[in-house]
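Thanks for asking me to look this one over. Here are my notes, point by point, to read alongside the structure.

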Amino acid sequence: MAQLYFRYSTMNAGKSIELIKVAYNYEEKGKNVMTLIPAVDDRYGRGVITSRIGVQREALVVNDDTNILELFIRENEKKKIDCVLIDECQFLKKHHVLELVEIVDSFDVPVLTYGLKNDFRNEMFEGSYYLLIYADKIEEIKTICWCGRKATMVARVSDGRIVKQGKQVMIGGNDMYVSLCRKHYNDGRIEPDR
């Protein structure tokens, strides 16, 4: 029986490389995978999932108004889809998550989503919120703060300082975001004192 998975973490935990690995494992067994990425994440180009270690994979682009269920049905008519993988799932909308539920429940195809749970202000993203409600399996991918504790917070950084106000979505990498434990997020320390 297929399930909807929400695999979350802070930044730099290896979510994208995990997705690429899962896709490779399916394809190595002769299975077909549909990979998706929200249009808002175009750091490495449109329709490209890229890990921080440089491994890439092409993906179909999901816009705010994309109907993922219709997209799945079209692709499934061309060739049977055995698994759906989505990177940066925090950027999905509620209707997208409900469409993923329909893929799992009506087509018995597993859907694995990877993304952030909370933003730099410690507020939920829409996609993450609804995945926490509807996912059959919720799994944390762990990474660590500079101090060695488990990182649970994503901090936006500007000029070496944590920023806790601003637009929820600003696409960036290590130059803009750092993963921290709760203690260092709250006290604003992004690295050890020198």
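1. A word on residue classes before we start: Ala, Val, Leu, Ile, Met, Phe, Trp, Tyr, Cys and Pro count as nonpolar, Asp, Glu, Lys and Arg as charged, and the others, Gly among them, as polar. Please keep in mind that this is a predicted model, where local features need pLDDT of at least 70 and side-chain atom pairs count only at pLDDT 80 or more, while totals for chains, interfaces and linings use all residues. Residues are numbered from 1 along each chain as its sequence is written, and side-chain values use heavy atoms, with hydrogens and water left out.

2. The protein chain has 5 helices and 11 strands (DSSP runs numbered from the N terminus: helices are H or I with at least four residues, strands E with at least two). Along its principal axes, the C-alpha trace spans about 60 × 30 × 30 Å.

3. Now the sheet: 6 strands make an open, parallel arrangement in the order S5-S2-S6-S7-S1-S8 (two strands pair if DSSP finds at least two bridges between them). Strands S5 (60–62) and S8 (137–140) are at the edges with a single partner strand each, so one side of each lacks a neighbour in the sheet.

4. At one end of that order, S2 (residues 33–38) runs parallel to S5 and is joined to S5 by 3 bridges. Pro38 has Val62 in S5 as its bridge partner.

5. Helix H3 (residues 94–107) packs on the sheet, touching S1 (4–8), S5, S6 (83–86) and S7 (111–115); contact means heavy atoms within 4.5 Å. The direction of H3 makes about 150 degrees with that of S7 (axes are lines fitted to C-alpha atoms, for helices over the stretch in contact, and angles run from 0 to 180 degrees between N-to-C directions). Helix H4 (residues 126–134) also packs on the sheet, touching S1, S7 and S8, at about 130 degrees to the direction of S1.

6. What is the make-up of the lining of the largest cavity? The lining has 4 nonpolar, 3 polar and 5 charged residues.
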